[in-house]
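Take a moment to look over the sequence and the structure below.

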Amino acid sequence: MKDRKKEHVDIVMEKNVSHSYNYWDDFLLVHDALPEIDLNEIDTSINIFRKKLKAPIIIAGMTGGFEQAGEINERLAKAAEKYGVAMGVGSQRAGLQDEKLEKTYSVVKNYDIPLRIANIGAPQLLEWDDVVETSQKAVDMISAHVLAIHLNFLQEVVQPEGDRNAKGCIKKIDEIASSISTPVIIKETGAGISSKTLEKVLDTGIAGIDVGGAGGTSFAAVESYRARMKKDKIREELGKIFWDWGIPTPYSLLEIAELCKDAGLTVIATGGIRHGMDVAKAIALGADAAGSASKMLKNPMEQMELFLLSLKSTMFLTGCKNIEELKEVEIWMK
Ligand SMILES: Cc1cc2nc3c(=O)[nH]c(=O)nc-3n(C[C@H](O)[C@H](O)[C@H](O)COP(=O)(O)O)c2cc1C
């Protein structure tokens, strides 16, 4: 598994594994030629899960579980601290199985990050004897404020060694969400959440949803490359067939953001977020915050600076003094 997590990072750094199309380009925030505000007075802060962030941005969970992953998480944590945004770690399965790997995740505790998000995978919930105890361990490992349970069945389908049994996940999610000490969210990893999926979890105790839609990193693509490395021709081709599978992130928001709000659930939009203008579009379409993963891997400090500058610039040009106003701004579908 150590090798797998390292291969994911290497492939994302070296190959083009993006969806063929970025769906945020289908949307246009309406320009205000007379904004009548001062850019320097724009307030990008938000309150989410009872924590205050300086901007509605999450460095989405990516890694942990091998030596260099500790260095990556440390780099991301430094950026999250400096810019006052949230950060998630990658799946903690490896750290839960092998204590020696815990530090590759727990390194984030050394930084003053306003919101830390722990991460476990839905397919593993079916393997663990005590899901509540194990989930609590994942939370404690990084002193998390929120636990994300990721849904990645597209990836599991293509992955040569994938878990392809999804029976019983909802019951386990409910068990965890109603028992552990932190809020629990479910998080897709690039294929989006539909209203049909939302309905299935409305009665569980979850506190939020990361729609994790299509348009950015494609895990079918990542696994297609891994299958090629393993000389598994059929799964390499399967990954190509499913490369662009999924509900695009902004369309997933259009489908469920309102329903989530009615149900009191926090909404996060991850998937294909390239800069602060995409963050602004996500907020205008009903998200409370937006997550970005692959963009942050190489130079998170520089990326965060650009994210904040482009978010503020977008808010200025749409005449929004704060995030509450951005939520109400006019957005056109091209
Ligand atoms: C190298 C890499 C590893 C990832 N590992 C995880 C993971 O362990 N758990 C998880 O919930 N999401 C994981 N993701 C998914 C991201 O959190 C995010 O949902 C997805 O990459 C889409 O965002 P992007 O288009 O900005 O990259 C990973 C992403 C990348 C690039």
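This is a predicted model: local features need pLDDT of at least 70, side-chain atom pairs count only at pLDDT 80 or more; totals for chains, interfaces and linings use all residues.

Let's begin with the barrel. Eight strands form a closed barrel, in the order S4-S5-S6-S7-S8-S9-S10-S11, and their pairing is parallel. If you compare neighbouring strands of this sheet, they are turned by 25° against each other on average, with direction ignored.

Strand S9 (residues 208-210) runs parallel to S10, and 3 bridges join the two. In this pair, Ile209 has Val267 in S10 as its bridge partner. S10 in turn runs parallel to S11, again with 3 bridges, and here Ala269 has Ala290 of S11 as its bridge partner.

Helices come next. Helix H2, made of residues 67-83, lies across S4 and strand S5 (86-88). The angle between H2 and S5 is about 160°.

H10 spans residues 219-229 and is mostly covered, with 8 of its 11 residues buried. Which residues of H10 are the buried ones? They are Phe219, Ala220, Ala221, Val222, Glu223, Ser224, Arg226 and Ala227. Notice that Glu223 and Arg226 are in this buried group. The elements that cover the buried residues of H10 include helix H1 (2-14), helix H7 (153-158) and helix H11 (233-241).

Two packed helices are described by the angle between their axes and the distance between the axes. For H1 and H10, the angle is about 110° and the axes are 10 Å apart. These two helices are therefore roughly perpendicular to each other. On the H1 side, the contact is made by Glu7, His8, Ile11 and Val12, while H10 contributes Val222, Tyr225 and Arg226. Sorted by class, this contact has 4 nonpolar, 1 polar and 2 charged residues. The list of H1 residues also shows a helical pattern at work. An α-helix has 3.6 residues a turn, so residues three or four places apart point the same way.

How many residues surround the ligand? There are 26, and the closest are Gly90, His150, Gly216, Thr217 and Ala293. The elements that give two or more residues to this shell are H1 and strand S7 (146-151). H1 provides the largest share, 3 residues. By class, the shell is made up of 7 nonpolar, 17 polar and 2 charged residues.

Let's finish with some single residues. The phi of Lys231 is near 60°, which is a positive value in a residue other than glycine. Lys231 is exposed, because there are 8 other C-beta atoms within 10 Å. Glu36 also has a positive phi, near 55°, and is found in the loop between strand S1 (27-29) and strand S2 (46-48). Glu36 counts as exposed because it has 7 C-beta neighbours inside 10 Å.

Ser194 sits in the loop between strand S8 (184-188) and helix H9 (195-201). Is Ser194 exposed or only partly exposed? With 16 C-beta neighbours inside 10 Å, Ser194 counts as partly exposed. Ser194 and Ser252 are 58 residues apart in sequence, yet their C-alpha atoms are 6.2 Å apart in space. If you leave aside the neighbours within four places in sequence, Ser194 is in contact with Ile247 and Glu255.

Our last stop is Lys200, in helix H9. Lys200 is exposed, because there are 12 other C-beta atoms within 10 Å. Between Lys200 and Ile170 there are 30 residues in sequence and 7.6 Å in space, C-alpha to C-alpha.

Technical notes:
Residues are numbered from 1 along each chain as its sequence is written. Two strands pair if DSSP finds at least two bridges between them. Helices (H or I, at least four residues) and strands (E, at least two) are DSSP runs, numbered from the N terminus. Axes are lines fitted to C-alpha atoms, for helices over the stretch in contact, and angles run from 0 to 180 degrees between N-to-C directions. Two residues are in contact if their C-beta atoms, placed from the backbone, lie within 7 Å. A residue is buried if 20 or more other C-beta atoms lie within 10 Å of its own, exposed if 12 or fewer, and partly exposed in between; C-beta atoms are placed from the backbone. A residue is near a molecule or strand if its C-beta atom, placed from the backbone, lies within 6 Å of it. Ala, Val, Leu, Ile, Met, Phe, Trp, Tyr, Cys and Pro count as nonpolar, Asp, Glu, Lys and Arg as charged, and the others, Gly among them, as polar. Angles under 35 degrees count as roughly parallel, over 145 as roughly antiparallel, 65 to 115 as roughly perpendicular and the rest as oblique.
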